[in-house]
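Grab the sequence and the 3D view, and let's walk through them together. Try each question yourself before you read the answer.

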Amino acid sequence: MLNSKNPILGNKIYLYLTEFFAGMSVMAVELGASRLLAPYFSSSQIVWTIIIGTIMIAMALGNIMGGRWADKNPDPDRLYGRIIIAAIWIALIPAVGKYIILGISALLVFTINTNFLVIAAFAACMVIFVFPLFLLGTVTPSLVKYTVDSLDDSGKTVGYLNASNTIGSIIGTFVPTFISIPAVGTSITFLIFAGILLALSIVYFISGKKRSVKAVVGCIFFIIAIIFGHWNSFAFWQHDLTFEGESIYNYLQVYEDDSKVVLSTNVLFGVQSVYRKEKTLTGMYYDYAMAAPYMAGVKEKDSVDVLILGMGTGTYATQCGRYFENVNVEGVEIDQKITDLAHEYFELPEDVKVTTYDGRAFLQGLDSDIKYDVIMVDAYQDITIPFQMSSKEFFTLVKAHLTDDGVMVVNMNMKTDTPGGINEYLADTISSVFGSVYTVDVTYSTNRELFASDNSEILNRMAEGLEQEDDSTLLNMMENVENGLVTYKAGDRILTDDKAPVELLSMKAIDALIRDEVAYYKGIYEEKGLKGLLEEL
């Protein structure tokens, strides 16, 4: 073993602890990275792939350089100095990370036409996370240099080091997901693990009775990070939020004005739930989906049972209960925190049953004789489309729990004119299961509602139901939906459990939407440059 003057390294235990906390911190940063990026780039498989790939690059480079540095100058002071730098960087991520993400996105949105999400997310990861994880990647080869006494026990020693790192990584996976992020948020989670690394290094230098400028500077920057690391929200351009927090699954934001309360789980991609304080229609896709009960015979049946997969805060459930006296509504929502917000801020009726579960798993657990007149699938959010709720097998399962004349309504977002997009794949897949499929585009929105049934008379039933409707506001909306309905002409693009590339298809849709949104400003940028663009903004 290296002959160090620091007594704390004498029995190797501290070195194993260093390996343990380094492994723990790497995984904590990885999970924190997903939550930091999610409000801007989504939490899809694509983003996770970018995060994992970027971190593996950083760790590989760290392993290479750590081995070289350990051979060239095997001084533990250098290793613990690098850990201090990594700790400072990680602690500062909550304070500056979101601004870096927005800056990179703003730059790239005007310079690239395709794969914006991939390129922007990759660039953000490289800038924010590569350097500190590169430094942590130097830990293992350096510790091997310090701990191996002879070739006789080198295998055992390296095995202990790897085991320490792996155990730390395991704990670093579970603690942020189930404890720290839901309890105190992403920003403080970064600070917690940065603090552990900083404390580890400070103990090393204190035990050796050494004065380290890096340790002092590290403490100063850590205090600065504590002060400024969570003073502002993810959506720092918005003010007066009613609620901002995180759950196991989502970043959550509630804001309100004089007329409405809004839930957003992804600050750059619209809203997920809306509650109108005047108790009127929302003017959004929820209103269009109200056509489904008419198609299912709400005006002729004594009772209509509605199931909502992707309950959110219950906008659709609330509207169904408000406008139809004979409707029984229940919902499935995977995020319990969202359900809590529904009761606290969105006046979700207490008699509406909400099950905290995955939508498909819920259907699979139902008895085969449990049927619904309407099943609404509202689980798609920007690029984050659960593949298990987009396949032929899933829609077959939905059909099995519909009555013979039941109707499924699906909220599909990211409506574009690009052929072969995600919505066409979804509609083709649904058409392979149901006999009648109709779509309608939501005005002034990127949403499209799809209605599917094996009852070929659902449009006639809707028309008959509207003849009995005496609420003029709802009637006008339903007539607007009726006039916009189009019979879907199915193709052969079928999504299955085995093959459902929903993220890649959605990414193409996002590229098209971004091109449409920034076309005007991009023209100004190309004609007048950055100065002209800033003047326009």
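Q: Between which two helices is the loop that holds Glu469?
A: Helices (H or I, at least four residues) and strands (E, at least two) are DSSP runs, numbered from the N terminus. Glu469 sits in the loop between helix H16 (458-467) and helix H17 (472-484).

Q: What kind of model is this?
A: Residues are numbered from 1 along each chain as its sequence is written, and side-chain values use heavy atoms, with hydrogens and water left out. Local features need pLDDT of at least 70, side-chain atom pairs count only at pLDDT 80 or more, totals for chains, interfaces and linings use all residues, and the model itself is predicted.

Q: Is Glu469 buried or exposed?
A: Here are the cut-offs: buried is under 20% relative accessible area, exposed is over 50%, and partly exposed is in between (1.4 Å probe, protein chains only). Glu469 has a relative accessible area of 8%, so it is buried.

Q: How far apart in space are Glu469 and Lys299, C-alpha to C-alpha?
A: Contact means heavy atoms within 4.5 Å. Skip the neighbours within four places in sequence, and Glu469 is in contact with Tyr294, Lys299, Phe324, Leu474 and Leu475. Glu469 and Lys299 are 170 residues apart in sequence, yet their C-alpha to C-alpha distance is 8.3 Å.

Q: What share of the 537 residues of the protein chain counts as buried?
A: Let's zoom out. The protein chain has 18 helices and 12 strands, and its C-alpha atoms fill a box of roughly 90 × 60 × 45 Å along the principal axes. Among contacts between residues at least 6 apart in sequence, 73% join residues at least 24 apart. Of the 537 residues, the buried share is 54%.

Q: How many of the 10 residues of helix H15 are buried?
A: In helix H15 (residues 422-431), the buried residues are Ile422, Asn423, Glu424, Leu426, Ala427, Asp428, Thr429, Ile430 and Ser431. Helix H15 is largely enclosed by the rest of the structure, because its buried residues number nine.

Q: Which helices do the buried residues of H8 pack against?
A: Helix H8 (residues 213-228) buries Ala215, Gly218, Phe222 and Ala225. Down the axis of H8 these fall within an arc of 80 degrees (taken from the directions from the helix axis to the C-beta atoms), so they line one face of the helix. On the other side, Val213, Val216 and Ile227 are exposed. The buried residues of H8 pack against helix H3 (76-109) and helix H7 (186-207).

Q: Are H4 and H5 roughly parallel or roughly antiparallel?
A: The axes of H4 (residues 116-137) and H5 (residues 139-147) come within 5 Å and cross at roughly 20 degrees. Axes are lines fitted to C-alpha atoms, for helices over the stretch in contact, and angles run from 0 to 180 degrees between N-to-C directions. Under 35 degrees counts as roughly parallel, over 145 as roughly antiparallel, 65 to 115 as roughly perpendicular and the rest as oblique. So H4 and H5 are roughly parallel.

Q: Which residues of H5 make the contact with H4?
A: On the H4 side, the contact is made by Leu135, Leu136 and Gly137. The residues from H5 are Val139, Thr140 and Pro141.

Q: What is the distance between the C-alpha atoms of Val440 and Asn483?
A: Val440 is in strand E10, and it is buried, with a relative accessible area of 2%. Val440 and Asn483 are 43 residues apart along the chain, and their C-alpha atoms are separated by 8.8 Å.

Q: What is the phi of Tyr444, roughly?
A: Most residues other than glycine have a negative phi. Tyr444, in the loop between strand E10 (436-441) and strand E11 (448-453), is exposed, with a relative accessible area of 85%. Tyr444 is not a glycine, but its phi is positive, at about 55 degrees.
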